[in-house]
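We will go from stop to stop, selecting a few residues each time.

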Amino acid sequence: LVEYILIHGVNDALDQATRLHDLLRDARIKINLIPCNPSPGSPFARPPDAVIERFADRLRALGRTVFIRRGLG
């Protein structure tokens with residue numbers, strides 16, 4: 001299992017999904033996408049849901065098993 005934190009405008013672009021896939025090469029690993037949890041004063045933000053879904057869809061199209069962690073609070 002690989003956990004990948006998605007940060008809006010930092011590492012959530014489709015080309016970065018492809019690069020993540022390439023980095024893992026032939027490893028048969030599940031990918032757990034974790035949207036950034038914003039906090040006061042932090043410059044980092046959670047990507048919009050549509051961006052998260054597109055990122056996951058790109059990885060799935062490349063043959064990866066992907067889960068998106070949902071926030072509960």
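**Stop 1: the aromatic pair**

Searching the whole structure turns up 1 aromatic pair. Note before you start that this is a predicted model. Select Tyr4 and Phe55. The centres of their rings are 5.4 Å apart and the planes meet at 20°, so this pair is stacked. The angle decides it, because planes under 30 degrees apart count as stacked.

Now look at where the two partners sit. Tyr4 belongs to strand β1, and Phe55 belongs to helix α2.

The cut-off for buried is under 20%.

**Stop 2: the nonpolar core**

Next, select Leu20, Ile31, Leu33, Phe55 and Leu59. These have the most contacts inside the largest nonpolar core, which has 14 residues. Which elements supply this core? β1, α1, β2, α2 and β3 (65-68) each give at least two residues. Helix α2 provides the largest share, 4 residues. As general background, nonpolar side chains in soluble globular proteins tend to be buried together.

Stay on Leu33 and show its neighbours. Leaving out residues up to four places away in sequence, Leu33 touches Tyr4, Leu6, Phe55, Ala56, Leu59, Val66, Phe67, Ile68 and Arg69.

**Stop 3**

Select helix α1, residues 14-24. Colour its buried residues: Gln16, Ala17, Leu20, His21 and Leu24. They lie on the same side of α1, because they cover an arc of only 150° around the axis. Turn to the other side of α1, where Arg19 and Leu23 are exposed.

What do the buried residues of α1 pack against? Show β1 (2-6), β2 (30-35) and α2: those are the partners. Then step past the end of α1 to Arg25, which follows the helix. The phi of Arg25 is positive, near 45°.

**Stop 4**

Finish on helix α2, residues 49-61, and select Asp57. Its relative accessibility is 44%, so Asp57 counts as partly exposed.

Terms used. Residues are numbered from 1 along each chain as its sequence is written. This is a predicted model: local features need pLDDT of at least 70, side-chain atom pairs count only at pLDDT 80 or more; totals for chains, interfaces and linings use all residues. Side-chain values use heavy atoms; hydrogens and water are left out. Buried means under 20% relative accessible area, exposed over 50%, partly exposed in between (1.4 Å probe, protein chains only). The arc is that of the directions from the helix axis to the C-beta atoms. Contact means heavy atoms within 4.5 Å. A nonpolar core is a set of buried Ala, Val, Leu, Ile, Met, Phe, Trp, Tyr and Cys residues joined through side-chain atoms within 4.5 Å. Rings of Phe, Tyr and Trp (its six-membered ring) pair if their centres lie within 6.5 Å; planes under 30 degrees apart count as stacked, over 60 as edge-to-face and the rest as tilted.
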